[in-house]
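Biologist: Could you walk me through this one while I look at it on my screen?
Modeller: Gladly; have it open beside you and ask as you go.

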Amino acid sequence: MRGEARSGAAEIAAERSARRDLREALEELHAREVDAGLRRRVPRSRWILATLVAVVAVVLAGVAVVAWSGARNVPTDDDFERAAADRVAVLIAPDHRDPSRARKILAGATGTFYDEFAQSADSYSAFVQANGSVSKSSVDGTGVSARDGDSATVLVAATVVFDTAGETGEGQARRFRLRVLVTPDDGSLKLGAVQYLP
């Protein structure tokens, strides 16, 4: 075992020595070619400059790749507005015929809004069922008012037409203005906070 280790170490030492000899021979050949006028001496400053240019090019390419891959995953203003409109339309349209409405609202919620609504989801469902509430909502307009990292504050204008069970004809229309925080969670954009505006 020791003999094999010594043999392996001797081979490595011999290989290093051969490489060193080859490098020295190439340097000597280059020096003689320069002395004979067959080759021009490359100034050391050019080597340094070439090395710096290569390093800067590699760093810039790396930065560009990281920025490009990061930009592909950042939601656009349209993504935020579409998500806000979809989530708000479900939130503001109670329907006693849809017992899963509270679950749908929670599926589109995250953060403090999720925590707050989760505490009152059962009460919400009981209230809607007891009142026989039926409504239709439409989002009249959305607009991103601020962005912070991968989240956005979106202003939403919506109209809800309320009907009660058994009534026919046109219901009572109410207009709402909301400020919502839309933030990514589990691969989709969800409501992180909801504020009704006067």
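Modeller: Helices (H or I, at least four residues) and strands (E, at least two) are DSSP runs, numbered from the N terminus. This is a predicted model, in which local features need pLDDT of at least 70 and side-chain atom pairs count only at pLDDT 80 or more, while totals for chains, interfaces and linings use all residues. Residues are numbered from 1 along each chain as its sequence is written, and side-chain values use heavy atoms, with hydrogens and water left out.

Biologist: Where does Ser-100 lie?
Modeller: Ser-100 sits in the loop between α3 (77-91) and α4 (101-107), and its side chain is joined to that of Asp-98 by a polar contact of 2.8 Å. A polar contact here is a pair of N or O atoms within 3.5 Å; within protein, one must be able to donate a hydrogen and the other to accept it, and residues adjacent in sequence count only if both atoms are side-chain atoms.

Biologist: Is Ser-100 buried or exposed?
Modeller: Ser-100 is buried, with a relative accessible area of 18%, where buried means under 20% relative accessible area, exposed over 50% and partly exposed in between (1.4 Å probe, protein chains only).

Biologist: Stepping back, how many helices and strands are in the chain?
Modeller: The chain has five helices and four strands, and along the sequence they follow the pattern α-α-α-α-α-β-β-β-β. Of its 198 residues, 23% count as buried.

Biologist: And which residues touch the most other members in the largest nonpolar core?
Modeller: That core has 26 residues, and those touching the most other members are Val-88, Phe-113, Phe-117, Val-154, Val-180, Val-182 and Leu-191. The elements giving two or more residues to this core are α3, α4, α5, β2 (151-164), β3 (172-185) and β4 (188-197). A nonpolar core means a set of buried Ala, Val, Leu, Ile, Met, Phe, Trp, Tyr and Cys residues joined through side-chain atoms within 4.5 Å.

Biologist: What does Val-180 touch, leaving out residues up to four places away in sequence?
Modeller: With those left out, Val-180 touches Ala-84, Val-88, Ala-152, Thr-153, Val-154, Val-156, Leu-191, Ala-193 and Val-194, contact being heavy atoms within 4.5 Å.

Biologist: Which residues of α3 are buried?
Modeller: In α3 the buried residues are Phe-80, Ala-83, Ala-84, Ala-85, Val-88 and Leu-91. Arg-87, also found in helix α3, is partly exposed, with a relative accessible area of 27%. Not counting residues up to four places away in sequence, Arg-87 touches Gly-108, Ser-188, Leu-189, Lys-190 and Leu-191, and its C-alpha is separated by 7.3 Å from that of Lys-190, 103 residues apart along the chain.

Biologist: Switching to aromatics, how many pairs are there?
Modeller: Rings of Phe, Tyr and Trp (its six-membered ring) pair if their centres lie within 6.5 Å, with planes under 30 degrees apart counted as stacked, over 60 as edge-to-face and the rest as tilted. By this rule there are three aromatic pairs. Phe-113 and Phe-117 form a tilted one, 6.1 Å centre to centre with 35° between the planes, and together with Tyr-124 they form one aromatic cluster.

Biologist: Why are Phe-113 and Phe-117 separated by about one helical turn?
Modeller: Because they are four residues apart in helix α5 (residues 111-131). Phe-113 is buried, with a relative accessible area of 9%, and Phe-117 is buried, with a relative accessible area of 9%.
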